[in-house]
Each structure stands twice: as C-alpha cells, then as structure tokens.
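Let's look at a protein model together, one question at a time. Keep the picture open as you read.

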Amino acid sequence: MTPDAGSATSASRYGDIIKSTSLIGASSIVNIAMSVIRLKVLAVYLGPGGIALFGIYNVIVDLAVALAGLGVQSSGVRQVAVSVSSDDQAKVARVARVLTLTSWVLGALGAALLIALAGPISQLSFGSEAHAWGVVLLGLAVLLRIVAGAPAALIQGHRRIGDMARVAVVGAVLNTAAAIPLVYFFGEAGIVPSIIAVALTSWLAAQWYGRKIVLPRTKLSWSDFTAETRLLLQLGFAFMASGLLAAASAFLIRIFIVQQNGVEAAGNYQAAWALGGIYVGFILQAMGADFYPRLSAVADDNVACTRMVNEQSRISILLAGPGLLATLALSPLVMAVFYSTQFADAVPVLRWFCLGMLLRVIAWPMGFVILAKGNQKMFFWTELAATVVQLGLVWVLLRVVGLAGAGIAFVGLYVWHGVLIYYLVRRISGFRWSHENLLLIAMFVGLTGLTLIAVELLPFWSGLGVALIGTAIGSWFSLAQLVRLVPRQWIPSRLQPLVYFVLRHEPQMAAPATDRV
C-alpha cells in the first residue's frame, strides 16, 4: 500500500468515527436542550431538596434495572452484532426473540422485587418509610426500562446509528413533554410519575424504530430458547455487575453526602454530576453505539485492536477537551443557566468533575478491549475495584474537604483506574498509546489542570482570563487536528477557506494523519 493510500484509508477511518460520533452528537444536542429545560423546571419548582429527591429516586431505579436486567441488553448487542456479521438472518431472529422474551421476564421480576422491598428501600434511602409508595410506583419504570433494552439492543447490534440517534431525539422530546407538566402541576408529588413517564416514552421510541428491522419468522424451541438465554446471561453477568456496582456506588455516595452534609448538599452534588456528564455523554454513547461492535468484530486481532483504540481515543479527546475546558472556565455561569444561583455550592464539585470526565474519556476506549475479548472475570474485578476505590475516597474526602471532596474523589478514581486498565489491556492485547496520543493526553490534561488551578486559586477575573486562554488554545488545536483527520472532500466548499486558514495557523504540536504506535 502506498503512503498516500494509507493516509487516505486512515482519513476514512477517522471520518467514519467522526461521522458516527456526529450522529450521536446531533441527537445529544437535542437531549441537552431538553435536559436544560427539564433541569430548569426541577430547579425552579423543587429547589435543591427536590433535586436530591429526584436524584435518589433515579438511583433506586438505576440500581433495580442493573440488578434485574442482568446485563442482557449489553450482551444482546454483542450477540446481535456477531449474528449480523455472519449474515445469518435466522440466527439474528432467534437472538432478537429470545432477547425480547427474556427482557419481559426480567422486567416483571425487577418490578416485583422493588414492590416487595419498597419499605426497607425507603427506610434506607430516606430514613423512614414515608416514600415507600413512591418506590412501589417506580416498579413500573423498572419494567419499562428493561423491556426497552430489547429493541435498543437490536438497533445497536445492527449498527443503525441513524435510528439510534432518532430514538434518542424522539425519546428526549417525549420525555420532556411528559415530565414537565407533572412537576409543574404537582411539585414533589409529580417526581415519581415523571420518572415513569420518561421510561414509558423511551420504550415507545425504541419500540417504534426497532420494528423497522424486518426479520424472518422463526420457530423457537425450548432448547433454542435456553441455549440463547444461557449465552445472554453468561456474558450479561459482567455487564450486570458493572451496572449494579455503578448504581450502588452512586446510591451510597448520595447517602454519604446526606449523612455528612445534608439533603441540600446531595442536591448540589446531583446538579454537578448531571452537568459534568452532559457534554461528554454523547462521546461515551458513541463509543458504546459504534466503537464497541466494531471492536468486537476484530477482538482476536491485537494489532487491529490497538489501532482502533488509538483512533477512537484521539477523536474522543479532541471532541471532549474543548467542551470540558469551556465548562470548567465558565462553571458559575453554566450552573446558573442550567439550574439557578441557589446551586453555587455545586460549582467547585463541577470543576473537579470536568477534569475527571476528561480522564474518563481517555480510559474508556481501553476498557472496551476487555469487553470485546469477552474477559468477564477481568471486567468484573476491575469494576469492583473501581467501586471500592471511589467509595473509599468519597468517604474520606467528604470529611476532609467537604462536598468538593466528592469531585476530587472522581478524579482520583480515574487516575487509578486509567493506570490499571492500561496495564491490563497491554497485558492481554499488547496495547500501547501512539506517540501522538501521548502528546495529546499530556496537552489536554495539562490545560485542564492549569485551568482548574487558575479558577480555584486566583482572583475571579484573573482566573477567568487564564481559563479562557486555555480554552481557546485547546479549541484551536482540536479544530486544526479534526480538519486534518477527516477526508478533505467531506468538508463543504464554503468552509474550505476557513480550513486553509486553520491549517496555516495551527499549533506546532499538530501531528500527521497517521499514528505511530
């Protein structure tokens, strides 16, 4: 292959990553807009206490879904993707049907479990059984979220990125239209119905677009059902454990905060967590939507795995870095716009979350190697270790530095987790960062750390000035890199002059379109 051909192929691969990320990103813009509206209504009409109640209810649902769902949605994505790659439509149809039936059974069991344990859950979460009926009603949200996973897995396994984006957009619009009136008219009493309404509209959107995938009719014997279910559950256990640990960690962190700092502090934490994850959410979603199935297809080829992880990481960092820098620099304004000035105590937590989210974006692509290779034990133990580390750091730092300690703990978690995942992935696949990515990581971690120090330690206007300069440098560098990486013909002719200007004035760190590993 000639150098030009190799460069063109590399540009095409980068272009495909950007294309899939852009589709998910476009839907995320709508999601963000809808989230802004929903969060604003919650903040104005419920205040920090209501936000805390909303957050704890959502964590209860997340925990129940993680436990009862047994990871079948994520394992279903892999099974569907493998069947699709073999071009066996009958196999795809069997997997889809088993996935649907299993989801309904697990959803019903999850709802029944939540109803049966409503009293103890309310006592543990709120210190009394006053919210037990609310927990009972959340059983319906658990059922709907689990059964929505079947059509969502079918769409994702087929890599129908456009339909995934449409599901997200339609779901976001319907969620907002259903949830806002309930909170507006009923206040705190409308929180649980709004959560149920969100689950219902999400299921309807996934079901509508899932029906567009036409599969042949297939007879499903008991032996076929049990065999496929066994495969789903075997792989799903690792995903279930991960989701359960994440939900349990989120639940316990909020309990720690309520016990040590009060309910309003938990509301401030919830606000910072939501804003910290909004921007990078579409990047992480794109990894799960497109990168994970692609990586699974080449899981036995270590060279291909290394190349794909480096390519995905490079695009993800270039997209995430500027947005996180801007959020960090303008955190008081962002908090006031999305919530209100009542949430000023959430600003320091949000700043630390921005640095932690950057480290999260760096670590995530490596973690998918473990999943693609089907190493369930390694995945489980790394997730368990991450949960223990985060809970330990939160417990200690809340006592030492207050609420901001929860944000610092998140940064500490991903420093530790990133190093561990790199070591493990290198051991099982020979992975190592490309030279260009090492420079990229150093640059954005350095800029984000400098910005964080500036806004925390310098006077307001001096800190803001340094932060905005850092944001401008990161944004300019990312733009220069991105226009280099995509095929030139993808860039509209009207934007070509801007592209040439950017390339002529790009920072000296700019790297060629191919990675040296």
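Q: Among contacts in the chain between residues at least 6 apart in sequence, what percentage join residues at least 24 apart?
A: This is a predicted model, where local features need pLDDT of at least 70 and side-chain atom pairs count only at pLDDT 80 or more, while totals for chains, interfaces and linings use all residues. Residues are numbered from 1 along each chain as its sequence is written, and side-chain values use heavy atoms, with hydrogens and water left out. A contact means heavy atoms within 4.5 Å. Among contacts between residues at least 6 apart in sequence, the share joining residues at least 24 apart is 83%.

Q: How many helices does the chain have?
A: Helices (H or I, at least four residues) and strands (E, at least two) are DSSP runs, numbered from the N terminus. The chain has 0 strands, and its number of helices is 17.

Q: Is Arg 351 buried or exposed?
A: You can find Arg 351 in helix H12, residues 347–372. Buried means under 20% relative accessible area, exposed over 50%, and partly exposed in between (1.4 Å probe, protein chains only). Because its relative accessibility is 12%, Arg 351 counts as buried.

Q: Which residue's side chain is joined to that of Arg 351 by a polar contact of 3.0 Å?
A: A polar contact is a pair of N or O atoms within 3.5 Å; within protein, one must be able to donate a hydrogen and the other to accept it, and residues adjacent in sequence count only if both atoms are side-chain atoms. Not counting residues up to four places away in sequence, Arg 351 touches several residues, including Leu 328, Pro 332 and Val 455. The partner in the 3.0 Å polar contact is Glu 456.
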